[in-house]
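Dear colleague,

I am handing over the structure below, followed by my notes on what was found in it. Please read them with the model open beside you.

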Amino acid sequence: MANQSTGLTRIIKAAGYSAKGIKAAWRNEAAFRQEAIASIFAVIVAFSLDLGLFERLLLISSVMLVIIVEILNSAIEAVVDRIGSEYHELSGRAKDMGSAAVFLTILLALFIWGMLLWSHFMR
């Protein structure tokens, strides 16, 4: 059934659904909790370093991207698990691709952090 809400009501409902999604990820996904805690520390480090606005923005957005991709991966896993618990090649492939997306995003974040910290401390 399509959502009939419009305007501010739709925005408020969407924010509520988003909050439910974040709570569900926190409650049910250990990887999300670990990455969220690591991201909090990373943001603290990003603000404690003497960096320009652009560099700080890159550092923070890279860890936020990891969180976003982890939530999408968790959503894929939830849908696959909802369909059934028996093994199916396509289900396994979907879960593996979601995991690969998280892995590549973590590598990207590590690369960004490494390059910026290297350039910052090797001036």
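The largest pocket is lined by Glu 35, Ala 38, Ser 39, Ala 42, Val 63, Val 66, Ile 106, Ala 109, Leu 110 and Trp 113, where a pocket is an open set of points on a 1 Å grid over the protein atoms alone at which a 1.4 Å probe fits, with protein on both sides within 12 Å along at least five of seven lines, and lining residues have an atom within 4 Å of a point. This is a predicted model, in which local features need pLDDT of at least 70 and side-chain atom pairs count only at pLDDT 80 or more, while totals for chains, interfaces and linings use all residues. Residues are numbered from 1 along each chain as its sequence is written, and side-chain values use heavy atoms, with hydrogens and water left out.

The space in the largest pocket comes to about 160 Å³, as filled by probe spheres set on grid points joined across faces, edges and corners. Helix 2 (30-48), helix 3 (53-83) and helix 4 (89-121) each contribute at least two lining residues, helices being DSSP runs of H or I with at least four residues, numbered from the N terminus.

The 33 residues of helix 4 should span 48 Å at 1.5 Å a residue, which agrees with the 47 Å between its end C-alpha atoms, the expected span being 1.5 Å times one less than the number of residues.

Best regards
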